[in-house]
Amino acid sequence: MEKRLKPMDAEQLREYGHKMVDFIADYYKTIENFPVLSQVEPGYLRNLLPDSAPNQPDSFQHVLDDIQAKILPGVTHWQSPNYFAYYPSNSSVAGFLGEMLSAGLNIVGFSWITSPAATELEMIVLDWLAKMLKLPEDFLSAGQGGGVIQGTASEAVLVVLLAARDKALRRVGKGALEKLVVYASDQTHSALQKACQIAGIHPENCRLLKANSSTNYALSPELLSETISQDLAIGLIPFFLCATVGTTSSTAVDPLLALGKFAKSNEMWFHVDAAYAGSACICPEFRHYIDGVEEADSFNMNAHKWFLTNFDCSALWVKDRSALVQALSTNPEFLKNKVTNFRLLKQTWL
């Protein structure tokens, strides 16, 4: 007769939780002993695991043994002190403990009423972070702007691009979608191109302008100005400019102040993608890299890169949250409550 499955009780959680913490602590204690890059061949895991899920539960210890023997060999150890690929992705023990608490509470915070603390804490902490970065007051939640956590910088650029698109179409007419043009350097993260595809921007209207060593691979304001003039002359509508602080391929920093002035004079949404290097700008000696951010409509940085925060935590600030609300909000019955208007930015994404 098969054993009846029972949920884990509080005491089992306590016992197994201690074992899991011990397992992770031992992993961090010995992480330097692993080769940083996984040494397995493609498809290695299929030969080590059964073809179908087991009918009966396995012991917790056996699961941990399987992770040690079968999973860790297939892990590239991003948290290793010897890891230098791609970009920083360093969490911390404090971040891991926070993740445990978050997972245990398992809040679904899609509006204020579903967990007031989740919405209010997000607002407060992102205001703290904005002040650490010395962002303009327009980005704080006390005014018309505010911050909201995204999963990645790719999500951040998508949502602000959608907001910018709808704002532009309200100004020039809904039939002008094929005339809208996006600008960035060719060092900009490929997420911008993906965002354009999702937003219905014609691929040929995504201008990725050539950057070279003469500008340290930053976007040239002169080249931008020339390209915008050419587009205006043939009846196109510049509406979105993305600048980068710390490009993924070359860590280039675009000249925010000069670019922002071009954006403002052409009624373009100016987004600053500081996903890679923005974290460093809390340090006074690096803050000048985001000088000119006062010209931006939105600003994004990844706390899960240099802020010892577990993936994924990408902070996005906007000066005018109503633009995002108009572009992305819906009003289904399950989102309605007496305090729906409290922090609409929170429920915009759902």
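Colleague: Before we start, what counts as a helix here?
Modeller: Helices are DSSP runs of H or I with at least four residues, numbered from the N terminus. This is a predicted model, where local features need pLDDT of at least 70, side-chain atom pairs count only at pLDDT 80 or more, and totals for chains, interfaces and linings use all residues. Residues are numbered from 1 along each chain as its sequence is written, and side-chain values use heavy atoms, with hydrogens and water left out.

Colleague: OK, so where does Val93 sit?
Modeller: Val93 is part of helix 3.

Colleague: Buried or exposed?
Modeller: Val93 counts as exposed because its relative accessibility is 53%. Buried means under 20% relative accessible area, exposed over 50%, and partly exposed in between (1.4 Å probe, protein chains only).

Colleague: Changing topic, which domains are there?
Modeller: Domain 1 covers 10-85 and domain 2 covers 112-335; the bounds come from an automatic or database domain assignment. Their C-alpha centres lie 37 Å apart.

Colleague: Are Cys242 and Cys281 buried or exposed?
Modeller: Cys242 counts as buried, at 1% relative accessibility, and Cys281 counts as buried at 2%.

Key. Helix = DSSP H or I, 4+ residues; strand = E, 2+ residues; numbered from the N terminus.
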